[in-house]
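Welcome! Take a moment to turn the model around on your screen before reading on. Then let us walk through it together.

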Amino acid sequence: MKSALKAGLSALVVGVIVVVGAAVYFMQDDRSSMPTVTQTGQSGKALIGGPFELVDGSGRTVTDKDFRGKYLLVFFGFTHCPDVCPTALSEIALTLDALGEVADKVQPLFISVDPERDTPELMGEYVAQFHPRIMGLTGSPDQVADVAKAYRVYYKKSIPEEEIGKEDPFYVMDHSAITYLMSPDGDFLKHFSHGTAPDEMAAAIRDVVQ
Ligand code: NI
């Protein structure tokens, strides 16, 4: 009995390591400077996520604790993103629709990696174009850096070649494009790589959300 329990626990730990490994693999996604994440906590939980303090679309301060009891679907990006973020947010919107009533238990968060341009108001207006249930969060550069670090998210300002030398160059933010599913206790459950079909994402969420 005892050894069976031990074997089960080892399998669980190996499983968590595989999941974290996969997340790191996808995050690296041509980003060789990405720090490697191979650790799990003492409890065997993946070290993705954690406390954060940000600002919502109405300018109100929110923390991770405000979302306890909800599954979180977390994506990082920026409102000036030409392609990846609009696609990801459209897919999250379709996923919510596919989930039906189960979507009530899921809170999607779009967290800015561009605090310089993404004001609370702009974030609020932007996410509303995709789905009324998606919440846009931004914050000070430090607040954004902290939450990005907690979620092992890469982001970096990048000025396109044709903008270099201009007085006020338009820039983009290179960033990881992973959607995280977090538990109602704030623990990492699953990640979805960019391009995961909404039906597939909805099915995977249904498997987890009771
Ligand atoms: Ni983007």
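Predicted model: local features only at pLDDT ≥ 70, side-chain atom pairs only at ≥ 80, totals over all residues.

The protein chain has 210 residues, and 43% of them count as buried. Its secondary structure comes to five helices and nine strands.

Now look for the nickel ion. Which protein residues are its donors? They are Cys 81, through its SG atom, Cys 85, also through SG, and His 175, through NE2, and they lie 2.1 to 2.2 Å from the ion. Written along the sequence, the spacing of these donor residues is C-x3-C-x89-H. Cys 81 sits in the loop between β3 (71–77) and α2 (84–99), while His 175 belongs to strand β7 (residues 172–175), so this pair ties together parts of the chain that are 94 residues apart in sequence. His 175 is buried, like Cys 81. While we are on the subject of cysteines, a search of the whole structure finds zero disulfides.

Next, find helix α5, which spans residues 198–208. In α5, the residues Pro 198, Met 201, Ala 202, Ala 204 and Ile 205 are buried. Seen down the helix axis, the buried residues of α5 fall within an arc of 165°, so they line one face of the helix. On the other side of α5 you will find Asp 199, Glu 200 and Asp 207, which are exposed. What do the buried residues of α5 pack against? Their partners are β3, α2, β4 (106–112), β8 (178–182) and β9 (188–193).

The C-alpha atoms of Met 182 and Leu 73 are separated by 6.5 Å, although the two residues are 109 residues apart along the chain. Setting aside neighbours within four places in sequence, Met 182 is in contact with a list of residues that includes Ile 48, Gly 49, Tyr 71, Leu 72, Val 74, Tyr 151 and Phe 188.

From there, move to Asp 56, in the loop between β1 (53–55) and β2 (61–63). Although Asp 56 is in a loop, it is buried, with a relative accessible area of 6%. The side chain of Asp 56 makes a polar contact of 2.9 Å with the side chain of Ser 58. Beyond its neighbours within four places in sequence, Asp 56 is in contact with Val 62, Pro 120, Gly 136 and Leu 137.

Our last stop is a set of charged pairs. Side chains of opposite charge can pair when their charged atoms come close. The count of salt bridges comes to five, and here are some of them. Arg 68 and Asp 64 meet at 3.0 Å, N to O. In that pair, Asp 64 is buried at 5% relative accessible area, whereas Arg 68 is partly exposed at 40%. Lys 166 and Glu 163 also form a salt bridge, at 3.2 Å. There, Glu 163 is buried, with a relative accessible area of 14%, and Lys 166 is partly exposed, at 46%.

Terms used: Residues numbered from 1 in each chain as written. Heavy atoms only, no water. Salt bridge = Lys/Arg side-chain N within 4 Å of Asp/Glu carboxyl O. Buried < 20%, exposed > 50% of the residue type's maximum accessible area, 1.4 Å probe, protein only. Donors = N, O, S within 2.8 Å, 3.2 Å for Na, K, Ca; no water. Helix = DSSP H or I, 4+ residues; strand = E, 2+ residues; numbered from the N terminus. Polar contact = N/O pair within 3.5 Å; in protein donor to acceptor, adjacent residues only side chain to side chain. Contact = heavy atoms within 4.5 Å. Arc of directions from axis to C-beta. Disulfide = S-S within 2.5 Å.
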